[in-house]
Amino acid sequence: MSDQELHLLEDRVDSLLRYCEQLVSERDDFRRQTEEKASQIKELEEKLARFEKERENVRLRVTDLLGKIDQVGTFSRGDEDMATARQTDMPLDV
């Protein structure tokens, strides 16, 4: 093997090593990005779970408030009936 062929072989090996280093670097970058994305996904899933729980709590509170409003409306209608009966001097059960 000639000196020139050895230099050519060395150049090819060096080129191959640089390419492998580049691939390793890209792999490490992709791993880091994947870990970051997995962490972001986990945070978003936790946030979604909190929002869903808060939404259910708000729904229950609104339902409770609507029930109370209905009760107030029922009592108010009863008071109006009493006031009407007093004004007309009619018994309520007639």
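**Salt bridges along a helix**

Reader: Where do R32 and E36 lie?

Author: Both residues belong to helix α1 (residues 3–88), 4 residues apart, about one turn of the helix. Helices (H or I, at least four residues) and strands (E, at least two) are DSSP runs, numbered from the N terminus.

Reader: What kind of model is this?

Author: This is a predicted model, in which local features need pLDDT of at least 70, side-chain atom pairs count only at pLDDT 80 or more, and totals for chains, interfaces and linings use all residues. Residues are numbered from 1 along each chain as its sequence is written, and side-chain values use heavy atoms, with hydrogens and water left out.

Reader: How many helices and strands does the chain have?

Author: The chain has 1 helix and 0 strands.

Reader: Back to R32: what does R32 form with E36?

Author: R32 and E36 form a salt bridge, with the closest N and O atoms 3.1 Å apart. The term denotes a side-chain nitrogen of Lys or Arg within 4 Å of a carboxyl oxygen of Asp or Glu.

Reader: How many salt bridges are there in the whole structure?

Author: The search finds 4. Among them, R59 and E56 meet at 2.6 Å, N to O, and K68 and D64 meet at 3.5 Å. K68 and D64 are 4 residues apart in helix α1, while R59 and E56 are 3 residues apart in that helix.

Reader: What is the relative accessibility of R59?

Author: R59 has 44% and counts as partly exposed; buried means under 20% relative accessible area, exposed over 50%, and partly exposed in between (1.4 Å probe, protein chains only). E56 is partly exposed too, at 34%.

Reader: What share of the chain is buried?

Author: Buried residues make up 1% of the 94 residues.
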